[in-house]
Amino acid sequence: MKQWFIIMISILALPSCFESGKDVQNKKEEEQTWILTTLYWQRNSGNCIKLDTNTNSRTCSRRPLGICNVNQLIVTQAEVNFLLNETKNLQNRVPDCQESILQSGILNTKATTNANTDSFKTRYGFTVTESCEVAGIQPAAGTQLATFVQIQWLESARGKIAKSAKAIVANGFLPQSSRDKANSCLQIEFLEWEKELAQANNDNKILIEMTLP
């Protein structure tokens, strides 16, 4: 029986003996590509439910499995630096965006402290769902959840500044000069789809998250 087992193992091992080094390397690369593709798909699947234990309320967003955790609430110093650098570059390109930048709140962004991080971990819980609709979200007519790509843009420097500029333009109580500069900022710097998304978010037609019933 032992001899038969050894013979079978030897027969199964024969094909690999005749494979060249290149064949083996290609096979390994294909396996690694498949694993990475599977992991990428998995990390980017599903929607995210956030539970606020203080109010016992739940919200759902299109954030995928890979970031459906407390890290979505935490801002690192590196992220603050990147946000401020992007803002500075945009202001240098279009000086008329200055007031929109000031009103956006970007310059007040601070890194999350360790105490706040601990508080977030205690207060919030996160679970992944197949989709917000499956979880119970029923968007009203003319309203929809932002896709993950849209969320990323809305939370970026460009998104915040475009939203601020749109709000200034729409505010009839502000001086005309402020509104004109905000409009100039929009026209010079932002693409049409960016202006439309900023306006839709300001009008609550495209939302980053919705409350579950």
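Ser-164 is found in helix H8. Setting aside neighbours within four places in sequence, Ser-164 is in contact with Ser-100, Gln-103 and Ser-104. Keep in mind that this is a predicted model.

The average pLDDT for the protein is 88, and 80% of the residues score at least 70. Two stretches call for some care. Residues 1-9 have a pLDDT below 50, and beyond near neighbours in sequence that stretch has zero contacts in the model. Over residues 36-42 the pLDDT is again below 50, with one contact beyond near neighbours in sequence. Where pLDDT is low, the predicted coordinates should not be read in detail.

## The largest core

Which residues have the most contacts inside the largest nonpolar core? They are Cys-97, Trp-153, Ile-161, Ala-162 and Phe-190, in a core of 23 residues. The largest share, five residues, comes from H8.

Cys-97 touches Leu-90 and Cys-185, leaving out residues up to four places away in sequence. There is also a second, separate core of seven residues, and among its members are Cys-60, Cys-132, Ile-137 and Leu-145.

Leu-186 lies in helix H9. Is this leucine buried or exposed? Leu-186 has a relative accessible area of 2%, so it is buried.

Not counting residues up to four places away in sequence, Leu-186 touches Ala-162, Ala-165, Lys-166, Val-169 and Lys-195. Take Ala-165 from that list: Leu-186 and Ala-165 are 21 residues apart in sequence, yet their C-alpha atoms are 6.7 Å apart in space.

## Two aromatic pairs

The structure holds two aromatic pairs. In one of them, the ring centres of Phe-120 and Tyr-124 are 6.2 Å apart and the planes make 55°, so the pair is tilted. With 22% relative accessibility, Phe-120 counts as partly exposed, whereas Tyr-124, at 18%, counts as buried. Why do these two get separate labels? The cut-off for buried is under 20% relative accessible area, so Tyr-124 at 18% is buried.

Trp-153 and Trp-193 make up an aromatic pair that is tilted too, with 5.6 Å from centre to centre and 55° between the planes. Trp-153 sits in helix H7 and Trp-193 in helix H10, so this pair ties together parts that are 40 residues apart in sequence. Trp-153 counts as buried at 9% relative accessibility, while Trp-193 is partly exposed, with a relative accessible area of 46%. Trp-153 has already come up as one of the residues with the most contacts inside the largest core.

## The four-stranded sheet

What is the order of the strands in the open sheet? Its four strands run S3-S1-S2-S6, with antiparallel pairing. The edges are S3 (124-129) and S6 (209-211), each of which pairs on one side only. On average, neighbouring strands of this sheet are turned by 25° against each other, direction ignored. Helix H5 (residues 114-123) packs on the sheet and touches S1 and S3, and the helix direction makes about 55° with that of S3.

Now for the pairings one by one. Strand S1 (residues 47-52) pairs with S3 in the antiparallel sense over six bridges. Here Asp-52 has Tyr-124 as its bridge partner in S3, and Tyr-124 is also the tyrosine of the aromatic pair with Phe-120. S1 is joined to strand S2 (residues 57-61) by five bridges, and these two run antiparallel. Cys-48 stands opposite Ser-61 in S2. The hairpin of S1 and S2 has four residues between the strands, and in it Asn-56 takes a positive phi near 55°. Finally, S2 and S6 pair in the antiparallel sense over three bridges, with Thr-211 in S6 as the bridge partner of Thr-59.

Technical notes: Residues are numbered from 1 along each chain as its sequence is written. This is a predicted model: local features need pLDDT of at least 70, side-chain atom pairs count only at pLDDT 80 or more; totals for chains, interfaces and linings use all residues. Side-chain values use heavy atoms; hydrogens and water are left out. A nonpolar core is a set of buried Ala, Val, Leu, Ile, Met, Phe, Trp, Tyr and Cys residues joined through side-chain atoms within 4.5 Å. Buried means under 20% relative accessible area, exposed over 50%, partly exposed in between (1.4 Å probe, protein chains only). Contact means heavy atoms within 4.5 Å. Rings of Phe, Tyr and Trp (its six-membered ring) pair if their centres lie within 6.5 Å; planes under 30 degrees apart count as stacked, over 60 as edge-to-face and the rest as tilted. Two strands pair if DSSP finds at least two bridges between them. Axes are lines fitted to C-alpha atoms, for helices over the stretch in contact, and angles run from 0 to 180 degrees between N-to-C directions. pLDDT is the predictor's confidence in each residue, from 0 to 100.
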